Amino acid sequence: MLENRIRREDLKGKVMSAEEAAMLIKDGMTVAASGFTPSGYPKAVPLALAKRAEHGEKVGITLLTGASVGDELDGALSRTGVLKRRFPYQTHNDTRNGINDGSILYQDMHLSHLPQYMSYGFFGKIDVAIVEALAITEEGGIVPTTSVGISPTAVKLAEKVIVEINTSQPMALEGVHDIYIPENPPFRKPIPIEHSGDRIGTTYIPCDPSKIAAIVVTDITDKVRPLGPIDEDSRAISGHIIEFLEHEVKMGRLPKNLLPLQSGVGSVANAVLGGLVDGPFTDMTCYTEVIQDSMLDLIDAGKVTVASGTSITPSEEGLIRLHKNIEKYAKHIILRPQEISNNPEVARRLGVISMNTAIEVDIYGHVNSTNIMGSRMMNGIGGSGDYTRNAYISFYTTVSTAKNGDISSIVPMVSHVDHTEHDVMVVVTEQGLADLRGTSPTERAKRIIEKCAHPDYKPMLQDYFERALKGKIKHEPHLIGEALSWHQRFLETGSMKIK
């Protein structure tokens, strides 16, 4: 089996145990790893690194990954105190707790920025790259598995490369990757992608074989996350979006097969995209970052011809389905570096329709997608900003209430701003859809309150807005103290409702 996985003869002598490979990582190093929400991440070497800390060794690292990774990496290193600094996105509870208690220093970043910031030298030296792979080619090229993320940049910049050959990953994935790394300014050229299905690079990550310091063979599977069912709220949100898109086609602002779709991460995003399976649109393409279960549904239904992303991120059931039908799905899927999949230049050129989720939206259209009550980091901004600002049409979706109705997702003022009103075109909840294009702030407020707010909170929001309008400033009126009191009221009483 390894003959097909390690095809360069002189590298076979680099095969070693995870424990031996982990010894290449020293205290204070900066480590870049493969993986993206959470697929294709290294597992054996991080677990061995964590054991060193468990046995009392002082070892702390800065970790850069494409996006979130699984328990064997973020979780194990967080619990053992190895993880000291983290970029740019995470979803693990132990890592999140470390960030919020200050023991892990964290910077939330746009995902398209991270690889180029690495290339620009903004993070200093990359000591070690750990990359999960299907195989190593005769030239020393590394064939990724279910994600690409920052792996090409990590391999290019790192002083040493550790390759985890994962035999649980199907070899039929070879060929789905399209690896292209832009030059740094002033030598950067336009990225030559004009259609979602264009291929512009190699099917492997170029690597100087002399940099490969260790090869570890493992069969630990991706610990993918479950996806919530498509419930009535998700169906309603999806229905509002489909009705809106049908109107845009009728008005001549979109072609019949739409423009390339982008959908965010998680259960709500998966459910909203899944609604298109029963929609009227065919021959669709996707230019996105994650390919979740609903994308497989659209491929199976013959609705999507090309799904371009940087990661295949299925549920447990979706992973079984993916492996069972990998030859079929591989014909439709392209995996690119996140610097390309999330690239603002390409998103704007293709006219991407972006659909992302919000924690909360205020009456003027500002979106918070990262911080609970303004201070507690949830996951991070991810790629949502990359697409939103450059989208042909940008949607933000959220269920209108949370915590069994004790929190309104529509508020007078968001507690933290990730996406400004300037970039948010359409807000959708299960209650309805607010088209904010070509509107003033006060017009936006009226639409969002009317269309998107839950009936339990609509009178409170309307009252706030009307009283704010009585002030001297009419453009985007606020009662600042009262706006923030909504969040304070929840912290003190457990509900945003006035008792």
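Colleague: What makes Met 460, Leu 461, Tyr 464, Phe 465 and Ala 468 of α17 count as buried?

Modeller: In this predicted model, those five residues of α17 are buried, because the word is kept for residues under 20% relative accessible area. They cover an arc of only 130 degrees around the axis, so they sit on the same side of α17.

Colleague: What do the buried residues of α17 pack against?

Modeller: Their partners are β24 (410-411), α16 (441-452) and α18 (480-493). Packing here rests on heavy atoms within 4.5 Å.

Colleague: How do you know that the span of α17 agrees with what a helix should give?

Modeller: Helix α17 has twelve residues, 458-469, and at 1.5 Å a residue they should span 16 Å. The rule takes one less than the number of residues. The end C-alpha atoms are 16 Å apart, so the two values agree.

Colleague: Now α5. Which of its residues are buried, and why are they put on the same side?

Modeller: In helix α5 (residues 93-101), the buried ones are Thr 95, Arg 96, Gly 98 and Ile 99. Their arc around the axis is only 160 degrees, which puts them on the same side of α5. They pack against α4 (71-79), β3 (83-87), β4 (105-106) and β20 (376-377).

Colleague: Why is Val 15 called partly exposed?

Modeller: Val 15 has 37% relative accessibility. Buried means under 20% and exposed over 50%, so a value in between is partly exposed. Val 15 lies in the loop between α1 (2-5) and α2 (18-22). With Leu 2 and Val 217, Val 15 forms a nonpolar surface patch of about 200 Å² of accessible area together.

Technical notes: Residues numbered from 1 in each chain as written. Predicted model: local features only at pLDDT ≥ 70, side-chain atom pairs only at ≥ 80, totals over all residues. Heavy atoms only, no water. Patch = residues over 30% accessible without salt bridge, like charges linked within 9 Å, V, L, I, M, F, W, Y side chains within 5 Å. Areas by Shrake-Rupley, 256 points an atom, 1.4 Å probe, with all protein chains shown as cover. Salt bridge = Lys/Arg side-chain N within 4 Å of Asp/Glu carboxyl O. Helix = DSSP H or I, 4+ residues; strand = E, 2+ residues; numbered from the N terminus. Buried < 20%, exposed > 50% of the residue type's maximum accessible area, 1.4 Å probe, protein only. Arc of directions from axis to C-beta.
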